[in-house]
Amino acid sequence: MLKKTLLAALLSILSLNAFALGMSETISGKVTCDKKPLAGVVVSDGYNCTATDADGRYSLLKNDRATNITVSTPAGYLPQVDRYNRPLFFIPVEDGRSDYSFDLAKNKKNDKKHAFMTQADVQVVNEDELCLYDEQVADAREHFKQFKDRDIFALDAGDVVGDHPELYESSLRHRAGLGFPYYIANGNHDMQYYGRTHETSKARFEKNIGPTNYSFNRGDIHYITIDNVFYIGRDYFYMGYIDEPTFKWLEQDLSYIPEGSTVVMVMHIPLAFTPDQQPFRYDSSSISKQTVNSRHLIELMKPYNTHFITGHMHTTQNTEYSDSCFEHNTPGSCGMWWDIDMCSDGTPQGYGVYIVDGSDIKWYFKSKGRDKNYQMRAYAPGADSKYPDEIIVNVWNHDPKWRVQWLEDGVVAGEMTQYQGRDPLSVERTADKSNLRYSWIGASNTPHLFRAKPVNPKARISVRATDRFGNVYQSDL
């Protein structure tokens, strides 16, 4: 009798501990392809991870806050897709359901060679803007035809809609025009406001789009999407922040990935958006434009070669934190909120193109409606009132390994000086507020401007930019 009492007490304690840890029921399932079991496939509830056994089976103590069960699609395999080309790597949690099984498809292409598109901040507020977005969709669909021998997909860094959840389904329908699947991160304009906690803010995105923390594999690359938009429970306020459950999930997900691997991580808010190199400030503007605890994420990712894909700022900013940590802050697809077809820093509307061979990644920015070699905009002297005698060039996808020079009569005259300022065309197109739907739109400071004073003002002037991969772009004034 005493033994039974002790056993009952122990089970009660374990039950209470499980409840305190957010654990509830045990779920299970099988991962297959053509009815054949797949071993070693990672399955998760967004809080904890496990892997399938030799029979393709798994079991997992599900967190009681879990909303989706996800499969981290292994290299060589693909998830099913719905009618909008949305990858179905997840199954929504249902009360009373205990079996969550996944049937994957064999990738018909060798995914060690693949290509992907990046975009951010489509942020539509009506159907007319979705029709404008169709122009970028058509451009990307045509551009990616050159990679038809590769596996292709898109990564979206969030803000699918601009606080208009009724547009979610229509937005997915327009995305289907890409002709390839897409993976989306949660953005601040996707979140649900006025809830009592951060956790409640994810409900709208999860219901309409899918999970906020998940991963998948293509060839030698591991892809991760996380939610770093932290709603602070007051009206519309939020900050860039990664909570502890997400860090715990990341640690588990990465435990299945060998150190030294290449990882691409997608999230909405940048790691540390400080182009003017100002110290951290604790105010609503600062904390909403960067991930305030990003140093811990960078530390966690040190064993890997990591590329972060972020958005939120509607501008272009490439930051190389180390030889193994690079952030691609992706400009807004909406340009200046569908009012002007360029971003406030002068970046044209467009998208990123990434080409993968094994663990090697090369990339460039593709401007909508332009040739892929359109990588800068040059201005004759007088365009910038601060430097009236100097030529100016905006090299929007610049990073520290680019080289920017000017030529006089076809001969290199020197290296141009990088500076912070405002793109002259962006200034011009936002000067007359009466022509804009939103009066607050304006040109923003950017660090990817360059200037030089010609030695011979009467010479034929050209600007030459060479990217980190040796590609040369030239513009004649």
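User: What covers the buried residues of helix H2?

Analyst: A word about the model before we look. It is predicted, so local features need pLDDT of at least 70 and side-chain atom pairs count only at pLDDT 80 or more, while totals for chains, interfaces and linings use all residues. Residues are numbered from 1 along each chain as its sequence is written, and side-chain values use heavy atoms, with hydrogens and water left out.

Helices (H or I, at least four residues) and strands (E, at least two) are DSSP runs, numbered from the N terminus. Buried means under 20% relative accessible area, exposed over 50%, and partly exposed in between (1.4 Å probe, protein chains only). Contact means heavy atoms within 4.5 Å.

In this structure, the cover over the buried residues of H2 includes strand S12 (113–119), helix H3 (168–175), strand S23 (350–357) and strand S24 (360–367). The buried residues themselves are Glu129, Leu130, Tyr133, Gln136, Val137, Asp139, Ala140 and His143.

User: Which residue caps the N-terminal end of H2?

Analyst: Here we look for a polar contact: a pair of N or O atoms within 3.5 Å, where, within protein, one must be able to donate a hydrogen and the other to accept it, and residues adjacent in sequence count only if both atoms are side-chain atoms. The cap is asparagine 126, with a side-chain oxygen 3.1 Å from the backbone nitrogen of aspartate 128.

User: Which strands pair with S19?

Analyst: Two strands pair if DSSP finds at least two bridges between them. Strand S16 (residues 221–225) runs parallel to S19 and is joined to it by five bridges; isoleucine 221, for instance, has threonine 262 as its bridge partner. Strand S20 (residues 305–310) also pairs with S19 in the parallel sense, over five bridges. There, valine 266 has isoleucine 309 as its bridge partner.

User: Which residues touch the most other members of the largest nonpolar core?

Analyst: In soluble globular proteins, nonpolar side chains tend to be buried together. A nonpolar core is a set of buried Ala, Val, Leu, Ile, Met, Phe, Trp, Tyr and Cys residues joined through side-chain atoms within 4.5 Å. The largest one has 36 residues, and Val31, Leu155 and Tyr223 touch the most other members. Strand S1 (residues 23–33) gives this core its largest share, three residues. Apart from it lies another core, of 31 residues, among them Ala115, Phe147, Val160 and Ile184.

User: What does leucine 155 touch?

Analyst: Not counting residues up to four places away in sequence, its contacts include Tyr223, Val264 and Val266.

User: Is glutamate 390 buried or exposed?

Analyst: Glutamate 390 has a relative accessible area of 13%, so it counts as buried. This residue is in the loop between strand S25 (377–379) and strand S26 (391–394). Its side chain makes a polar contact with the side chain of arginine 451 (3.2 Å), and a polar atom of that glutamate 390 side chain lies 3.4 Å from the backbone nitrogen of alanine 452.

User: Where does aspartate 409 lie?

Analyst: Look in the loop between strand S27 (403–408) and strand S28 (411–415). Aspartate 409 has a positive phi of about 55° although it is not a glycine. At 46% relative accessibility, it counts as partly exposed.

User: How many helices and strands are there in the protein?

Analyst: The protein has eight helices and 32 strands. Its C-alpha trace spans about 100 × 50 × 40 Å along the principal axes, and buried residues make up 56% of its 477 residues.
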